[in-house]
Amino acid sequence: MTQALSTHTVVAVIGAGAMGAGIAQVAASAGHTVKLLDSRPDAAAQAIKGIQAQLEKMVAKGKMNPDAASAVGARLRVASHLADLADAGLVIEAIVENLPIKQALFAELENIVSACCLLASNTSSISITAIGATLKTPERLAGLHFFNPAPLMALVEVVSGLATDPAVAATLHATVTAWGKTAVHAKSTPGFIVNRVARPYYGEALRLRGEGAGDCATLDAVMREAGGFRMGPFELMDMIGLDVNYAVTCSVWNAFFNDPRFSPSLQQQELVDAGFLGKKTGRGFYDYREGAEKPAPSTEAAQTVPNDIVICGDSAAAAALALRLSAAQVSFVRTPSVDTRVAQCGNAVLFVTDGRTATARAAHSGIANTVLIDLALNYQQASRLAMSVAGQCDDAAAQATTGLLQATGLKVSRLADVAGLAVMRTVAMLVNEAADAVNQGVCSAAAADAAMRLGVNYPMGPLAWADQVGLSHIRDVLIHLAASYAEDRYRLSPLIARHVFLGKKLHD
Ligand code: NAI
């Protein structure tokens with residue numbers, strides 16, 4: 001087992017902005033003497049005051065004892081010059097996101113610190129390989145990518161550049177683990193794990209809105225109430241700032257040589273061009289100005305409960321609908337499912353989306369009254385579900401299936417007939433990206449899942465989610481999306497294809 005750096009090791013943090021201050025607090029709380037340096041006069045002293053104020057708040061709330069808080073505060077020191085960092089055993093850089101400036105800083109630092117001092121950058125988008133390229137000893141440099149706010153967010157990506165010594169990455173992993181964080185190893189590739197794998201969460205939502213699948217409020221509500229995500233994609237982009245979110249997308253897209261998986265959205269660019277940057281400017285996808293009301297998601301009006309409900313098979317969706325109907329004391333019968341149908345009433349048939357539009361599926365199967373439902377994280381607990389209706393389906397059948405779903409206590413949001421609906425399509429693309437990252441040796445399956453749960457609070461790691469849905473179903477969704485759009489964006493990760501053939505789960 002690799003040892004963490006001892007708490008006797010002096011940690012230097014360069015850059016006393018939002019991230020540097022947070023990282024300094026984490027290291028000092030773990031017992032290290034921390035030297036904080038910033039090129040802006042007084043910035044480090046101000047940051048330390050800010051940390052001490054945070055600690056006092058924790059004491060006031062009874063979350064920390066006063067002695068511990070003052071001990072942490074006493075371990076934080078202002079450094080005025082790089083030369084003051086000569087005794088550091090670990091330097092974490094959190095300055096401006098600019099390659100030449102970071103390279104110049106590390107080059108100067110190399111002449112000051114001892115040969116055994118480890119070097120780390122908190123960069124979120126610059127290649128660790130590139131930062132190391134101008135160092136005399138690039139093997140001792142790695143990325144330590146904390147998330148904002150660093151004291152609260154559990155994840156740290158430990159990023160290895162081409163020249164990083166695996167022993168250095170292992171020591172940094174053990175050290176941030178000792179600091180109470182969950183560390184994951186990642187190879188230095190664009191977006192590392194989180195900022196890469198999360199792209200479809202925004203990208204698919206933007207495309208769904210662009211295709212008129214639903215409005216922001218409806219798509220957000222579906223992603224929250226059926227998908228189990230804490231925030232819908234549009235409210236999340238508004239919170240992050242559309243300029244920041246758009247810049248990250250463009251940076252990952254450019255770094256992957258314009259791979260269509262990551263293509264930015266014209267709609268988002270328009271909003272950025274207009275200065276509608278989200279909450280911080282009062283307008284984004286939503287209007288935050290005084291007097292503006294948050295739009296409600298569109299929810300189908302109550303329909304009559306059909307008296308001929310049949311629940312078919314024992315898929316997760318069918319089993320949950322049956323339980324919910326029983327709890328609501330609605331009568332139904334159960335039959336086996338011959339063709340993956342989940343339920344029927346009259347001649348209307350309900351399926352879980354497999355990535356085809358309802359219209360395409362009706363044409364292929366000859367079942368005109370085809371209605372599709374979306375994926376839910378947990379069909380038993382979801383409060384809302386999206387559905388779509390085939391163009392061939394008659395109104396009475398659409399109303400009957402809506403009534404069936406409503407009888408289970410679900411709110412129903414009807415989306416336009418888009419391929420893969422909202423949660424299924426987004427989750428399938430998150431799975432695809434995580435699988436490709438694993439396939440390309442960027443990280444392990446366990447690291448990909450931990451990173452998405454802890455870095456962006458997803459309700460489940462994408463790969464575990466794929467195993468829950470059934471990997472062959474996810475594969476089908478992606479193949480059908482690729483066929484629907486004839487775009488390389490939806491190409492299937494070879495890892496998924498291989499695992500389905502072998503009957504293996506992604507976590508096997
Ligand atoms: P910030 O702008 O809040 O702070 C940067 C600080 O570095 C400023 O106080 C600035 O005066 C100082 N600085 C700039 N050049 C310097 C130099 N040559 N020497 C010493 N100090 C210098 O920026 P923030 O948000 O804290 O980001 C810092 C780094 O962390 C960037 O690389 C960023 O990409 C990364 N990061 C940011 C996250 C965020 O959510 N803000 C999340 C994860 C990583």
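1. Buried means under 20% relative accessible area, exposed over 50%, and partly exposed in between (1.4 Å probe, protein chains only). This is a predicted model, in which local features need pLDDT of at least 70 and side-chain atom pairs count only at pLDDT 80 or more, while totals for chains, interfaces and linings use all residues. Residues are numbered from 1 along each chain as its sequence is written, and side-chain values use heavy atoms, with hydrogens and water left out.

2. Arg261 is buried at 4% relative accessibility, and Glu433 is buried at 2%. Their side chains form a salt bridge (3.4 Å, N to O), the term being used for a side-chain nitrogen of Lys or Arg within 4 Å of a carboxyl oxygen of Asp or Glu. Because Glu433 lies in helix H16 and Arg261 in the loop between H11 and H12, the pair ties together parts 172 residues apart in sequence. Helices here are DSSP runs (H or I, at least four residues), numbered from the N terminus.

3. Arg425 forms a salt bridge with Glu211, with the closest N and O atoms 3.4 Å apart. Arg425 is in helix H16 (residues 423-439) and Glu211 in the loop between helix H8 (199-210) and helix H9 (216-225), so parts 214 residues apart in sequence are tied together. Arg425 is buried, at 0% relative accessible area, whereas Glu211 is partly exposed, at 36%.

4. Asp243 and Lys280 also meet in a salt bridge (2.9 Å, N to O). Asp243 is partly exposed, with a relative accessible area of 27%; Lys280 is exposed, with 51%.

5. The whole structure holds 24 salt bridges. Arg224, Glu225, Glu235, Lys294, Arg384 and Lys411 are linked in a network of them.

Conventions: Helix = DSSP H or I, 4+ residues; strand = E, 2+ residues; numbered from the N terminus.
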